[in-house]
Amino acid sequence: MLRLHDVEVTYSNGVVGLKPTSLTFERRAFTVLLGLSGAGKSTLLRSLNHLVTPTSGSVEVDGIKRLEETDNLRKHRRQTAMIFQQHQLIGRYTCLQNVLVGRLGHYSMWRTLLPFGELDRRLSLDCLDRVGLLSRALQRVYNLSGGQQQRVGIARAIAQQPNLILADEPVASLDPETAYRVLGMLHEITKQDEIPTIVSLHQVDLAKAFAD
Ligand code: ADP
């Protein structure tokens, strides 16, 4: 369960990104934040893991009441995967390497200096298989289409085995048909894995990709 208590965001230039908002996101739910550009979807989504720090109010996550404390925030972020509009993948890395990045949060700093083990590789290959990209595992990401890159983004997110996925306009840069397929895939996989997911979207017509 994720709860916003009167969260308000005013950016340093004085623009109000989010008016005071109280909301509860239930566990297991798949939630779509639908609204016009500039409505504050991204601000709301990013405030859920303090990528944008609320000016006032608080975010409560499964009993972690004070997200502003560093340890609490670190724990919450480790359990939260993000999918961004521009993928945030490393273009010169292979698909597999990018998905393995999703595993990093499971290890301490010194362990991240060592090569990934077989279990991590198997899990990552399985995630690529689930998004239909197993055969591309060893290809560099910059050789893929936008839709394929976003599928790698989904694979990386699920490889993290998160308790929550936040997807910020994940298909805004894709053509409508590809966007529809990628959203459907995200919906299907997160439903199978019972991962609560919050997606921001400004295209009303695409929301039907989530219809059960
Ligand atoms: P949406 O995701 O619905 O398009 P945003 O949350 O990105 O909306 O933006 C909400 C408002 O906050 C807009 O007026 C936008 O211009 C403003 N805004 C967003 N990010 C910043 C920022 N980093 N600095 C200043 N203003 C911002």
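Where is the place of Glu169?

A: Glu169 sits in the loop between strand E6 (164-168) and helix H6 (176-192). The model is a predicted one, in which local features need pLDDT of at least 70 and side-chain atom pairs count only at pLDDT 80 or more, while totals for chains, interfaces and linings use all residues. Residues are numbered from 1 along each chain as its sequence is written, and side-chain values use heavy atoms, with hydrogens and water left out.

The phi of Glu169 is positive, near 45°, in a residue other than glycine. Glu169 has a relative accessible area of 11% and is therefore buried; the term buried means under 20% relative accessible area, with exposed over 50% and partly exposed in between (1.4 Å probe, protein chains only). The element names follow DSSP: helices are H or I runs of at least four residues, strands are E runs of at least two, and both are numbered from the N terminus.

His50 is another non-glycine residue with a positive phi, near 60°. His50 belongs to the loop between H1 and strand E4 (56-61), and with a relative accessible area of 9% His50 is buried. A positive phi, near 50°, also occurs at Gln161, which follows H5.

Helix H5 itself covers residues 146-159, 14 residues in all, and reaches 20 Å from its first C-alpha to its last, close to the 20 Å expected at 1.5 Å a residue. That expected span is 1.5 Å times one less than the number of residues in the helix. Because 13 of the 14 residues of H5 are buried, H5 is largely enclosed by the rest of the structure.

Two further buried residues show what surrounds such positions. Ser47 is part of helix H1 (residues 41-47) and counts as buried at 0% relative accessibility. Leaving out residues up to four places away in sequence, Ser47 touches Leu4, Val7, Val52, Pro54 and Val59, where contact means heavy atoms within 4.5 Å. The C-alpha atoms of Ser47 and Leu18 are separated by 9.5 Å, and the two residues are 29 residues apart along the chain. Thr94 lies in the loop between strand E5 (80-84) and helix H3 (95-101), and its 13% relative accessibility makes it count as buried. Apart from neighbours within four places in sequence, the contacts of Thr94 are Ala137, Leu138, Gln139, Arg140 and Val141.

As for the whole chain, it has six helices and seven strands, in the order β-β-β-α-β-α-β-α-α-α-β-α-β from the N terminus on. Its radius of gyration is 17 Å, close to the 17 Å that the globule rule gives for 212 residues, so the chain is as compact as a globular protein of that length. The radius is taken over C-alpha atoms, and the globule rule is 2.2 Å times the number of residues to the power 0.38. The C-alpha trace spans about 45 × 45 × 35 Å along its principal axes. Of the 212 residues, 46% count as buried. Among contacts between residues at least 6 apart in sequence, 70% join residues at least 24 apart.
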